[in-house]
Amino acid sequence: MVSLENYLFLSAALFSIGLLGLMVRRNILVLFMSVELLLNAANLAFIAFSRFRGTLDGHVAGFFVIAVAAAEAAVGLAIVIAIFRNKGTVQTTHLKMMKG
């Protein structure tokens, strides 16, 4: 049987990789993937705690996180497509239109 510490270690590793990708990369699509990795790491921790406590609280929180992630992906990808059609790039270093 896999212990809670193993789940939490995997969750921390996924969260660290996502945070590193969010801070280092400049491509918007990679940034979205990093955010998804962060959310999945949180889901893993929620569900692991829920499983080991014997409650359904973590499962419910995970369900809401998945719903928010799906909405974020839909809106974010629509914005990325609009930016790519207007600017021809998805690099954040080339985007200055939101600076005001």
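S34 is buried, its relative accessible area being 6%. This residue lies in helix α2 and, leaving aside residues up to four places away in sequence, touches G18, G21 and L22. The structure described here is a predicted model.

**Overall layout**

The protein has 3 helices and 0 strands, and read along the sequence the pattern is α-α-α. The C-alpha trace spans about 50 × 25 × 20 Å along its principal axes. The radius of gyration of the protein is 17 Å, whereas a compact globule of 100 residues would have one near 13 Å.

Of the 100 residues in the protein, 25% are buried. The accessible surface comes to about 7000 Å², and carbon and sulfur atoms account for 72% of that surface. Among contacts between residues at least 6 apart in sequence, 57% join residues at least 24 apart.

**Helix α1**

Helix α1 covers residues 4-24, and M23 is part of it. M23 counts as exposed because its relative accessibility is 54%, and the cut-off for exposed is over 50%. M23 also belongs to a nonpolar patch on the surface, formed with F15, L19, L20, L22 and V24. Together the residues of this patch have about 540 Å² of accessible area.

L4 is in helix α1 as well. Apart from residues up to four places away in sequence, L4 touches A48, F49 and F52. L4 and F49 are 45 residues apart in sequence, with their C-alpha atoms 7.4 Å apart in space.

**Helix α2**

The 26 residues of α2 should span 38 Å at 1.5 Å a residue, and the end C-alpha atoms are 38 Å apart, so the two values agree. The buried residues in α2 are I28, V30, L31, S34, L38, A41, N43, A45, A48 and S50. What covers these buried residues includes α1 and α3.

S50 is another residue placed in helix α2. With a relative accessible area of 3%, S50 is buried. Not counting residues up to four places away in sequence, S50 touches T55, L56, D57, G58 and H59.

I47 is found in helix α2 too, but I47 is partly exposed, with a relative accessible area of 33%. I47 touches G58 and H59, again not counting residues up to four places away in sequence. A13 is 34 residues from I47 in sequence and 16 Å from it in space, C-alpha to C-alpha.

**Helix α3**

Helix α3 runs over residues 57-87. At 1.5 Å a residue its 31 residues should span 45 Å, and the end C-alpha atoms are 44 Å apart, which agrees. In α3, the buried residues are G58, G62, V65, A69, G76, V80 and I83. Their cover includes α2, residues 28-53.

D57 has its place in helix α3. A relative accessible area of 56% makes D57 exposed. D57 and L19 are 38 residues apart in sequence and 25 Å apart in space, C-alpha to C-alpha. After α3 comes G88, which has a positive phi, near 80°.

**Accessibility of single residues**

The table collects the residues with a stated relative accessible area.

| Residue | Relative accessible area | Class |
|---|---|---|
| S34 | 6% | buried |
| S50 | 3% | buried |
| I47 | 33% | partly exposed |
| M23 | 54% | exposed |
| D57 | 56% | exposed |

The cut-offs explain the classes: buried means under 20%, exposed means over 50%, and partly exposed lies in between. I47, at 33%, is therefore partly exposed, while S34, at 6%, is buried.

**How the helices meet**

The contacts link the helices in the following way. The cover of the buried residues of α2 includes both α1 and α3. L4, in helix α1, touches A48, F49 and F52. S50, in helix α2, has D57, G58 and H59 among the residues it touches. I47, also in helix α2, touches G58 and H59. G58 is itself one of the buried residues of α3, and the cover of those residues includes α2.

Definitions and conventions. Residues numbered from 1 in each chain as written. Predicted model: local features only at pLDDT ≥ 70, side-chain atom pairs only at ≥ 80, totals over all residues. Heavy atoms only, no water. Patch = residues over 30% accessible without salt bridge, like charges linked within 9 Å, V, L, I, M, F, W, Y side chains within 5 Å. Areas by Shrake-Rupley, 256 points an atom, 1.4 Å probe, with all protein chains shown as cover. Salt bridge = Lys/Arg side-chain N within 4 Å of Asp/Glu carboxyl O. Helix = DSSP H or I, 4+ residues; strand = E, 2+ residues; numbered from the N terminus. Buried < 20%, exposed > 50% of the residue type's maximum accessible area, 1.4 Å probe, protein only. Expected span 1.5 Å × (residues − 1). Contact = heavy atoms within 4.5 Å. Rg over C-alpha atoms; globule rule 2.2 N^0.38 Å.
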